[in-house]
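Subject: Structure handover

Hello,

Here is the structure for your files.

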Amino acid sequence: MLSRQTLNRIIIIGFMVLVGFALAKAIYHNSILGIIMALTSLGAGIYFLYLMAKAKEEMEAGDASR
């Protein structure tokens, strides 16, 4: 069985690969709407990772203060 951290990394990498594929297909087909949607998804994924890192940092800081 995979650990929780490994599974989370696989899911995140899979999401980023799919967004990259969608962006490549949109560029190939010259679809402006597809490019915008793929870049929006990429931005949302990166922002999610930022929020997760910030939340983890705050949780660790809260545990240290106890």
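Start with one definition: buried means under 20% relative accessible area, exposed over 50%, and partly exposed in between (1.4 Å probe, protein chains only). By that scale alanine 44, with a relative accessible area of 47%, is partly exposed. Alanine 44 sits in helix H2.

A word on the source. This is a predicted model, in which local features need pLDDT of at least 70, side-chain atom pairs count only at pLDDT 80 or more, and totals for chains, interfaces and linings use all residues. Residues are numbered from 1 along each chain as its sequence is written, and side-chain values use heavy atoms, with hydrogens and water left out.

Now the helix pair. Helices (H or I, at least four residues) are DSSP runs, numbered from the N terminus. H1 covers residues 4–28 and H2 covers residues 32–64. They pack at an angle of about 160°, with axes 8 Å apart. Axes here are lines fitted to C-alpha atoms over the stretch in contact, and angles run from 0 to 180 degrees between N-to-C directions. H1 and H2 are therefore roughly antiparallel (over 145 degrees). Their crossing is left-handed, meaning that the near helix is turned anticlockwise from the far one by less than a right angle.

Which residues of H1 meet H2? They are Ile12, Phe15, Met16, Val19, Ala22, Leu23, Ala26 and Ile27. On the H2 side the list includes Gly34, Ile35, Ala38 and Leu39. The residues of this contact (heavy atoms within 4.5 Å) divide into 14 nonpolar, three polar and no charged. Ala, Val, Leu, Ile, Met, Phe, Trp, Tyr, Cys and Pro count as nonpolar, Asp, Glu, Lys and Arg as charged, and the others, Gly among them, as polar.

H1 buries Val19, Leu23 and Ala26. Their cover includes H2.

Leucine 42 belongs to H2. Leucine 42 is partly exposed, because its relative accessibility is 28%. It touches Met16 and Val19, not counting residues up to four places away in sequence. The C-alpha atoms of leucine 42 and tyrosine 28 are separated by 18 Å.

Last, the loop. Asparagine 30 lies between H1 and H2. It has a positive phi of about 55°, although it is not a glycine. Most residues other than glycine have a negative phi. Asparagine 30 counts as exposed, because its relative accessibility is 65%.

Best wishes

Terms used. Helices (H or I, at least four residues) and strands (E, at least two) are DSSP runs, numbered from the N terminus. Angles under 35 degrees count as roughly parallel, over 145 as roughly antiparallel, 65 to 115 as roughly perpendicular and the rest as oblique.
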